[in-house]
Amino acid sequence: MTSLPGASDQGGSIAERAILVCARCGVPSDGPQPATWTCSVENGDRQYFCDACSRENLRAIEGRLDSAWW
């Protein structure tokens, strides 16, 4: 995968290191992306899902269904 101009492969931009909000339930993260959260790229946009939403929808995530289908 190729990085965008000005982006690094180590840690992302400052905006990406900000507090994240789950795209499904709206719960905020405690800091930068926790290891238990899931990142999904849907229609070119990154979406983050908390560990609870990720666990509840594991089969759909593994089947590569967009979150709109969950």
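## Basis

Residues are numbered from 1 along each chain as its sequence is written, and side-chain values use heavy atoms, with hydrogens and water left out. The model is predicted: local features need pLDDT of at least 70, side-chain atom pairs count only at pLDDT 80 or more, and totals for chains, interfaces and linings use all residues.

## Chain overview

The protein chain has 2 helices and 2 strands. Their order from the N terminus is β-β-α-α. These elements are DSSP runs numbered from the N terminus: helices are H or I with at least four residues, strands are E with at least two.

The chain has 70 residues, and 23% of them count as buried.

## Ser67

Ser67 sits in the segment after helix H2 (58–62). Ser67 counts as buried because its relative accessible area is 15%, and buried means under 20% (exposed is over 50%, partly exposed in between; 1.4 Å probe, protein chains only).

Leaving out residues up to four places away in sequence, Ser67 touches Arg24, Glu42, Gln47 and Phe49. Contact means heavy atoms within 4.5 Å. The Ser67 side chain makes polar contacts with the side chains of Glu42 (2.9 Å) and Gln47 (3.5 Å). A polar contact pairs N or O atoms within 3.5 Å; within protein, one must be able to donate a hydrogen and the other to accept it, and residues adjacent in sequence count only if both atoms are side-chain atoms.

## Asn43

Asn43 lies in the loop between strand E1 (38–42) and strand E2 (45–49). Asn43 is exposed, at 74% relative accessible area. Its phi is near 55 degrees, a positive value in a residue other than glycine.
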